[in-house]
Structure formats: C-alpha cells, structure tokens
Amino acid sequence: MKSLVAFFFALVAAVNFSVAASASWTTATFAGTGQQGPSKSGDLATAANVDNPFGVVRGPDGALWFCQYTGQVISKVAADGRIHTVAGNGQKGYGGDGGPALQASFNLPHELRFDRAGNIFIADMENQAIRRIDAKTMVITTFAGGGGKGYSGDGGPANKAQLNQPHSIQFGPDGSLYICDVGNHVIRRVDMKTGAISTFAGTGKAGETPDGAPIAGTPLNGPRSIDFDAAGNLWLVTRGGNQVFKFDLKAGKIRLVAGTGQKGFTGDGGPAKLATFSGPKGIALAANGDAYLADTENHVIRMIEAKTGIVRLVAGTGEKGDGPDGDPLRCKLARPHGVFVDTDGSLFVGDSEAHRVRVLR
C-alpha cells in the first residue's frame, strides 16, 4: 500500500510539473521552414530553408551561429533576423585551408565554438579534424587532426594528430580546447599556448564509468558532448553509455549525475540518476547550474535541475515529428542535436531532422 501511495504522489508531481512547464515555456521557430535545403544569405531566417542544424551557439558579434550538418556550411542569424552563410561552399569535401572560409569544403560539421579572441573552431567530423577560422581575416586552417581516422599524436602538435569522429568541442576555464573524440572513446585536450594535444580522459576503449572514479585511467562509452559549468567543472554526455557525468577537475574525480546506463525514456519528475536516456547528443549548462540535454533518440529536450537533482521534460512528446510551435510539450521534435542556453535564459535547439532551429522562451 505504501509503495502504491508513493507512486500516486510521484505521478501527481510529474503531472503538475508538466502543466507548469507547459504554462511557463513557449517555443517558436527561429530559423528554417521545415524543408531541407540550402540557405540563401540575406533571407529572413524563418523563411529560409536549412539542412540539418546541429551545434548552436551565440557568437561574440551577437548573432546566433550554427552548423548545417548535411548542408556542409556554417550559418549565422544576425540581430535583424536574416541568415548568412559564413563558411563553407556547400560541397562535401576537405579543402580550402589557407583561403577564405566561404570557399572551404566540410564533411558533416557538428559543432562550433569561439575562443577568447573570437576565432571560430569547428568540429569537422568526417574529415577527422578541428578547423579554425581567423576572426579578422576569415581564413580557414586545420587546427587539430585532419590526418585520417586514427588515435595518435599525443604529446605533439595537434595538427599532426589523428582523431576519430570528433563531435563536440568546448573551451575550458584555462583556455584549453577539449574535444570529444567519440570513435576513440576519449576526450582530448589541446593546450592553446603550445598547440600540443593530449588525452584528458578515457582509455581508448569503451567501458563503464563508475561513480567517483578518477578521471585518469577510467573508460568512457562514446563521449559525445561537453560543456563547462560556472564552477569550471566539465559535464559530459555519453552516447553509448546513455549517462551524464560531471568531471571535478580540482578533485580529479568523475561524478555520475544522471542515467542508469540503460537505454530508455523514463524517470521524468524523479531523481536523474534513476532516469534512462537514449543516445543523448547535446548538453548545455545554464548560469544557475541547470543542465539541458538533447535526448536525441527520444526526440526530446530534458533538464537536470541543479537544486534538486530531478530530471524534467522540457520539450517534445517522445514521438518524432515537426512541431507545431507553441506549447513545447506538444511540439514534436526530430532527433535534436544542438542545445544552447542564452544569457537571458532562452533555450535554442537544433531540431535537426525537422530542419529548424527552435527557441524556447
């Protein structure tokens, strides 16, 4: 009887949260028409086609930037709401180093970030490379990898190393660039002062990541996406492990934040550690510590509440689809990949296979 009563109250709490979330958030299309296709620079973003929008981030110029994964370009939406192609010729390939970024070719660009000087870094996944665009000249070069698929180069120059499907990148508090080297099951780190690359976490083989384990020497299972919180801790979602971890860099320990390790779609309204996820592929930390996840294969956005450790459903129904905008809990999503929390608390989502960038406010 006690377990039945506890289940009833948990169910009521989850329903009440769903009602509250529905009332407090609204979603709208920020870019894209829902049709897959190339963008035309200068068009209103809401009237322009986009092609699989992935990593989303606010640039130092105030524009919202994102990768068009199968469009093979990098785009931005300026303050006037118009979209512009800033890198890529739209052709799949690996070319253009040493020349204008607009004439370069990419092979499935996944994510982009900016360093402190405003230079642009792109995870060019199937080129096994991290590309860099100079903020002043807009000339593109290969910063890390690019030497074919592999796992080599630690201790030497990053542009001589080999990577294996780098997906997510982020700059740490010390300015170093961290790379989710997914195919190698490691996180690599590039010292921006010396240009040297090293393995920061992972062993090179997939494996379980015990709660409380040391960062050094502990396996990872598909380290897919990273971000840093305000305290300087690195957060990681594992695609193969279906879990969320926090790396305490000062203590050198890995803490389990969410996920049992089993694939599923359960646990909303309860402790995040008891929840299940399905191939999560994006993470973004809010200023208050809340962690937003693109739970990709469940077609939803979920949030781990910093104060309570509870996981919440923020957007999506669990069924693959396209919209409609309005109530985010009635808005079907299609394999979302990118998430980004803006300074005003707005949440941007790369709703990839719906070919839209959505914003929740």
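Which residues are linked in a network of salt bridges?

Analyst: In this predicted model, the network of salt bridges links Lys281, Glu297, Lys320, Arg335 and Glu353. The structure holds 23 salt bridges, among them the following pairs.

Aspartate 154 forms a salt bridge with arginine 188, with the closest N and O atoms 3.0 Å apart. Aspartate 154 lies in the loop between strand E9 (140-145) and strand E10 (166-171), whereas arginine 188 belongs to strand E12, so the pair ties together parts that are 34 residues apart in sequence. Aspartate 154 is partly exposed, at 39% relative accessibility, while arginine 188 is buried, with a relative accessible area of 0%.

The strand that carries arginine 188 is mostly covered: four of the five residues of E12 (residues 186-190) are buried. E12 runs antiparallel to strand E11 (residues 177-181), to which five bridges join it; in this pairing valine 186 is the bridge partner of aspartate 181. Four bridges join E12 to strand E13 (residues 197-201), also in an antiparallel arrangement, and here arginine 189 stands opposite serine 198.

A second salt bridge joins aspartate 322 and arginine 356, at 2.7 Å from N to O. Aspartate 322 lies in the loop between strand E21 (311-315) and strand E22 (338-341), and arginine 356 in strand E24 (residues 356-360), which places the partners 34 residues apart. Aspartate 322 is partly exposed at 38%, and arginine 356 is buried at 16% relative accessibility.

Finally, arginine 312 forms a salt bridge with glutamate 305, the closest N and O atoms being 3.2 Å apart. Arginine 312 is buried, with a relative accessible area of 13%.

Note on methods:
Residues are numbered from 1 along each chain as its sequence is written. This is a predicted model: local features need pLDDT of at least 70, side-chain atom pairs count only at pLDDT 80 or more; totals for chains, interfaces and linings use all residues. Side-chain values use heavy atoms; hydrogens and water are left out. Buried means under 20% relative accessible area, exposed over 50%, partly exposed in between (1.4 Å probe, protein chains only). Helices (H or I, at least four residues) and strands (E, at least two) are DSSP runs, numbered from the N terminus. Two strands pair if DSSP finds at least two bridges between them. A salt bridge is a side-chain nitrogen of Lys or Arg within 4 Å of a carboxyl oxygen of Asp or Glu.
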